[in-house]
Amino acid sequence: MALLEIKNLHATVDDKPILNGLDLTIGGGEVHAIMGPNGSGKSTLSYVLSGREGYVVTEGEVLFDGKNLLEMEADERAREGVFLAFQYPVEIPGVTSITFLRTAVNAVRKHHGESPFDAMDFVKYIREKASGLNVSDDMLKRAVNTGFSGGEKKRMEILQMSALDPKLAILDETDSGLDIDALKIVADGVNAMRSDERGLLVITHYQRLLDYIVPDHVHVLAKGRIVKSGGKDLAVELEKTGYAEFLEDAA
Amino acid sequence: MAADAEALEQVRTIGEQYKYGFVTDIESEFAPKGLNEDIVRFISKKKEEPEWMLEWRLKAYRHWLTMEEPKWQKPQYPAIDYQDSYYYAAPKSGDKPKSLDEVDPQLLEVYEKLGIPLREQEVLAGVEGAPAIAVDAVFDSVSVATTYKAKLEEQGIIFCSISEAVREHPELVKQYLGSVVPYSDNYFATLNSAVFTDGSFVYIPKGKRCPMELSTYFRINAENTGQFERTLIIADEGSYVSYLEGCTAPQRDENQLHAAVVELVTLDDAEIKYSTVQNWYPGDETGKGGIYNFVTKRAACRGKNSKVSWTQVETGSAITWKYPSCILQGDNSVGEFYSVAITNNAQLADTGTKMIHIGKNTRSRIISKGISAGNADQTYRGLVRVQRGANGARNYTQCDSLLIGDKCGAHTVPYIESQNPSAQVEHEATTSRIGDDQLFYCRQRGMDEEEAVALIVNGFCKEVMQTLPMEFAVEAQKLVGISLEGSVG
Ligand SMILES: Nc1ncnc2c1ncn2[C@@H]1O[C@H](COP(=O)(O)OP(=O)(O)OP(=O)(O)O)[C@@H](O)[C@H]1O
Ligand SMILES: [Mg+2]
């Protein structure tokens, strides 16, 4: 059984159709990359999968671990193991990153019948993960994403992913805004999480990221549908040709 | 261990006797409904007060008769019939719930979330006969309180009920009672002056730093909170005390109207930190049955370099109306006001502070965080007055409002009166809403909606929460979440 099965997905935002019959299957252990022109519906797909309000599914189904994902509330999906690294991480003033992380991790642990981390244990747990991502104690003490640089925000997203240990992680343009060193740190962090059970859906505009996080499959999303799929070479090809051909086809 | 069991047994027996005695006492201590001079005399007599105290009460009562109930504040409430209330009476037992089964299940839910043991729940919910049931809870708190008291006495610190202070320390009470809030101050304070029956008295002698937080919590468990509480705290030269009022458990009361008075006095180089968590019963979703909380709290920073800090977390009551204030008389004295006010459903709150700068180089700082949800309405009303002689006075005010949903309201009404050109007065105000993007971000990380709201709101109030004593802060954070339940979605 596949980890994630999306069949003929149609979704609207403010009554405007954005996804128009999207099919995609991700198996455990697989890394899929989605590329596509601006406005083609990549972020929309990530929001539909993670259950954001206002993103209305009008047709199709999504199975996650065999369960009907679309029936679940956003927080339930998260606790079940769907993680979204945001294209634009959100600031929460006054809430320290470490408190935020602990609240999140404990919510997921509770869901799985595990005992919550107390403050001391959690510091140990998170420090270990943070050091690999070059996230300092100082950053953990600052308010969530508040005043973080673009690169710091993205590293914090990956730290959250690593702390929450999801079954399916969707990374929405996690590479954008990263300098070369940060890109490597983030990619190493993601690669460290590759496992036989976990599925990864990497949304990106640049083939460069895929040199570090090597995908098993690459898909082109245009006008709300997957219009072409291939291996990692497809990304290299797209870098040369661009998306013109798909936009004409779909029009 | 055996000794403990014996002590417990003894207390249990005493508890039984007490319960019995209490019933007979009710008959004889019952004052009829209504308010008149005889009632005032009756109260004074029951409290075994000296003549001067009675005279003061009567002066207040006579003055009250000439006053009109204020109408300027934002909250409108149904008229209170002052002649239809008891001013000295044990609550009628017939009106009390017979067991927890009869208590509003929503209230019980809150107790459970706060982790309050069943027996204490009964006391808080006012279940008939509960004090006897909760005998060991009372026993615990009494013994703790007694240990505290001995330790405090060693240092010359006085911490007792106001009635005891009137009898045992008349010279202090006479000197300071009404010196900050005069009996003629305002309608509710004047009423309080005439009929107050309970409250705390604290005196910290020169140069002493009170070694522990003083808390009303123990006293509340042992006695019932009064409808008209009167608290007086005096910090003598160079002394320091931190005082905690209230507790986080929602408290129900037979009496709808609560009109307390709190007076604080700091002499040279002294400091008082006064923290309140107020969680009176707010009533049901429509506000029915909730408490009206009309309180007068005022501090006089009389001495040079003295300081008073008010911190309040207000989540309860149907209607709250209070303005903890500082009169900065001493040169270089400092007044601070940190406030979190949460109103949900049909709650109304009109709160704020007054900082009166009289001495030179006096400073004040006001941080107010208002959170409104449901149909609630909230007003921040603050006055900063700089008098002619207050050279170099400075004030900083920051008022932030957070709205949850689109049916609630928040208003900010700052009054600034400066008669001294060297004064610096700064005011900043913001209004924001909890963003859908923030909520979704939290939920995407696994938190349910209520947890997410609590986290975001606690972040919003952090600056104020940080000023609370540690244990209090933890409870207050939980309380923020609980009082906003059901406010989203
Ligand atoms: N709230 C909204 N109301 C109306 N249209 C919306 C809304 N949100 C997104 N859209 C539209 O949906 C389309 C897809 O947007 P989406 O963000 O999914 O694109 P994307 O593929 O992630 O683009 P990018 O590469 O720029 O991140 C765009 O045309 C966008 O304008
Ligand atoms: Mg996007």
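Reader: Is Ser43(A) buried or exposed in this model?
Author: This is a predicted model, in which local features need pLDDT of at least 70, side-chain atom pairs count only at pLDDT 80 or more, and totals for chains, interfaces and linings use all residues. Buried means under 20% relative accessible area, exposed over 50%, and partly exposed in between, with a 1.4 Å probe and protein chains only. Ser43(A) has a relative accessible area of 19%, so Ser43(A) is buried.

Reader: Why does Gln87(A) count as buried?
Author: The cut-off for buried is under 20% relative accessible area. Gln87(A) counts as buried because its relative accessibility is 14%.

Reader: Which residues coordinate the magnesium ion (ligand 2)?
Author: Donors are N, O and S atoms within 2.8 Å of the metal (3.2 Å for Na, K and Ca); water is not among the atoms, so sites may look incomplete. At 2.0 to 2.3 Å, the magnesium ion is coordinated by OG of Ser43(A) and OE1 of Gln87(A).

Reader: Which side-chain contact does His205(A) make with ligand 1?
Author: Residues are numbered from 1 along each chain as its sequence is written, chains are lettered from A and ligands numbered from 1 in the order in which they are written, and side-chain values use heavy atoms, with hydrogens and water left out. A polar side-chain atom of His205(A) lies from an oxygen atom of ligand 1 at a distance of 2.8 Å.

Definitions and conventions. A polar contact is a pair of N or O atoms within 3.5 Å; within protein, one must be able to donate a hydrogen and the other to accept it, and residues adjacent in sequence count only if both atoms are side-chain atoms.
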